[in-house]
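Biologist: Thanks for sitting down with me. Could you walk me through the labels you put on this one?

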Amino acid sequence: MSISLKKLMKVRCRLIDRRTGQPVPGIVVSLSVGVDGATRAIPISTLSSDATGYLSFDLKPLVDLGIDDVPGVYVSAPQE
């Protein structure tokens, strides 16, 4: 099964502290897409959450390059 980046267009995240329920600003988050049947991933972009804990990755540049169906989309952030 693959994921269509053309249909997805954006990956949006809101980072919330599990203990307090409050937004977490300033967290660095990376986006990668899977290749070769999801055995490997290519890093695409890195963003930092805003004051409300929000961030959004725009996938249109990948679609414009002809990258559409991928085996996975991965969002990662460091943990304490």
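Modeller: Gladly. Helices (H or I, at least four residues) and strands (E, at least two) are DSSP runs, numbered from the N terminus. This is a predicted model, where local features need pLDDT of at least 70, side-chain atom pairs count only at pLDDT 80 or more, and totals for chains, interfaces and linings use all residues. Residues are numbered from 1 along each chain as its sequence is written, and side-chain values use heavy atoms, with hydrogens and water left out.

Biologist: What makes Lys60 and Asp64 a salt bridge?

Modeller: The term asks for a side-chain nitrogen of Lys or Arg within 4 Å of a carboxyl oxygen of Asp or Glu. For Lys60 and Asp64 the N to O distance is 3.0 Å, so the pair qualifies. Both residues sit in helix α2, four residues apart, about one turn of the helix.

Biologist: Which other pair meets in a salt bridge?

Modeller: Arg19 and Asp17, at 3.7 Å from N to O. The structure holds two salt bridges.

Biologist: Why is Asp64 called exposed, and Lys60 partly exposed?

Modeller: Buried means under 20% relative accessible area, exposed over 50%, and partly exposed in between (1.4 Å probe, protein chains only). Asp64 has 54%, so it counts as exposed; Lys60 has 40%, so it counts as partly exposed. In the other pair, Arg19 is exposed at 75%, while Asp17 is partly exposed at 22%.

Biologist: And how do you know whether Ser4 is buried or exposed?

Modeller: Its relative accessible area is 17%, so Ser4 is buried. Ser4 belongs to strand β1, residues 3–4. Leaving out residues up to four places away in sequence, Ser4 touches Asp68 and Asp69, where contact means heavy atoms within 4.5 Å.

Biologist: What makes a group of residues a nonpolar core?

Modeller: Such a core is a set of buried Ala, Val, Leu, Ile, Met, Phe, Trp, Tyr and Cys residues joined through side-chain atoms within 4.5 Å. The largest one here has twelve residues, including Leu5, Cys13, Phe57 and Leu59. Strands β2 (10–14), β3 (28–35) and β5 (54–58) and helix α2 (60–64) each give at least two residues to this core. The largest share, three residues, is from β3.

Biologist: What does Leu59 contact?

Modeller: Beyond its neighbours within four places in sequence, Leu59 is in contact with Leu5, Leu8, Met9, Lys10, Val11 and Leu31. In soluble globular proteins, nonpolar side chains tend to be buried together.
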